[in-house]
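Have the sequence and the model open side by side. This report walks through strands, turns, aromatic rings and a pocket.

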Amino acid sequence: MKLKVEVNGTVFTATLEDNAAVDAFVEMMRETPVVIQMSDYSGFEKVGSLGTSLPTSNSQTTTQAGDIVLYNGNQIVVFYGSNSWSYTRLGKIDDLTGWEEALGGGDVTLTFSTGG
C-alpha cells in the first residue's frame, strides 16, 4: 500500500510496511489526512506527536534517509539522515529527490494520507 506524504506543498509517496502499527495508522487516515507538526532533532530526523498511541513491534533498526518510523508508540519520525535505535517501521519514501530540501532546517508540517 502507498502512503502520500506532503511536506510544505511537495508530495512524496512511500511504500508502507505490513504490521499492526501501519494498519492502525491507515485506519486513522480513512476519513481525513493526518497532519503532524514536526520538529528537527539532531540534524538527521523530524519528530512529531501523533496524538494517540499505535501498536508497536519495535526492533533495533539502523534507519536511512526516507524511513518513516514509530517511536515510543506515539511519535512519528521521518529521516533525512541515519540513526540506530529501537523503532517500529511504518514505511519508506520511494523517491528521495528533493526530500531533504523539502524538510528544511526547522519545524515543518507533514500531511499523511492514503491518497484515496
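## Strand pairing and the aromatic cluster

In β9, Lys 4 of the predicted model has Ser 113 as its bridge partner. The two strands involved, β1 and β9 (residues 108-113), pair in the antiparallel sense over four bridges. β1 also pairs with strand β2 (residues 10-16), again antiparallel, over six bridges. There, Glu 6 stands opposite Val 11 in β2.

Side chains alternate along β1 (residues 2-7). Leu 3, Val 5 and Val 7 point to one face and are buried.

**Turns with positive phi**

β1 and β2 form a hairpin with two residues between them. Asn 8 sits in that turn, with a positive phi of about 50 degrees. Most residues other than glycine have a negative phi. Is Asn 8 buried or exposed? Asn 8 counts as exposed because its relative accessibility is 57%, over the 50% cut-off.

Ser 42 is another residue other than glycine with a positive phi, near 60 degrees. Ser 42 is found in the loop between β3 and β4.

**Aromatic rings**

The count of aromatic pairs comes to six. Two of them share Phe 44 and are set out here.

| Pair | Geometry | Centre to centre | Angle between planes |
|---|---|---|---|
| Tyr 41 and Phe 44 | edge-to-face | 6.4 Å | 85 degrees |
| Phe 44 and Phe 79 | stacked | 6.3 Å | 0 degrees |

The pair of Phe 44 and Phe 79 links distant parts of the chain, 35 residues apart. Phe 44 lies in the loop between β3 (34-41) and β4, and Phe 79 in strand β7 (residues 75-79).

How exposed are these rings' residues? Tyr 41 is partly exposed, with a relative accessible area of 47%. Phe 44 is buried, because its relative accessible area of 17% falls under the 20% cut-off. Phe 79 is buried as well, at 0% relative accessibility.

Which residues form one aromatic cluster? Tyr 41, Phe 44, Tyr 71, Phe 79 and Tyr 87 do.

**The largest pocket**

About 160 Å³ of space lies in the largest pocket. Its lining includes Tyr 41, Phe 44, Tyr 71 and Tyr 87, which also belong to the aromatic cluster. Glu 45, Val 47, Val 77, Asn 83 and Trp 85 line the pocket too. By class, the lining has seven nonpolar, one polar and one charged residues. Which strands each supply at least two residues of the lining? β4 and β8 (84-93) do.

**Thr 52 and its contacts**

Thr 52 lies in the loop between β4 (45-49) and β5 (59-62). Its relative accessible area is 35%, so Thr 52 is partly exposed. What does Thr 52 touch, not counting residues up to four places away in sequence? Thr 52 touches Met 28, Gly 73 and Asn 74. Met 28 is 24 residues from Thr 52 in sequence. In space, the two are 9.9 Å apart, C-alpha to C-alpha.

Definitions and conventions
Residues are numbered from 1 along each chain as its sequence is written. This is a predicted model: local features need pLDDT of at least 70, side-chain atom pairs count only at pLDDT 80 or more; totals for chains, interfaces and linings use all residues. Side-chain values use heavy atoms; hydrogens and water are left out. Buried means under 20% relative accessible area, exposed over 50%, partly exposed in between (1.4 Å probe, protein chains only). Contact means heavy atoms within 4.5 Å. On a 1 Å grid over the protein atoms alone, a cavity is a set of points where a 1.4 Å probe fits but cannot get out, and a pocket is an open set with protein on both sides within 12 Å along at least five of seven lines; lining residues have an atom within 4 Å of a point. Grid points are joined across faces, edges and corners, and a volume is the space filled by probe spheres set on the points. Ala, Val, Leu, Ile, Met, Phe, Trp, Tyr, Cys and Pro count as nonpolar, Asp, Glu, Lys and Arg as charged, and the others, Gly among them, as polar. Rings of Phe, Tyr and Trp (its six-membered ring) pair if their centres lie within 6.5 Å; planes under 30 degrees apart count as stacked, over 60 as edge-to-face and the rest as tilted. Two strands pair if DSSP finds at least two bridges between them.
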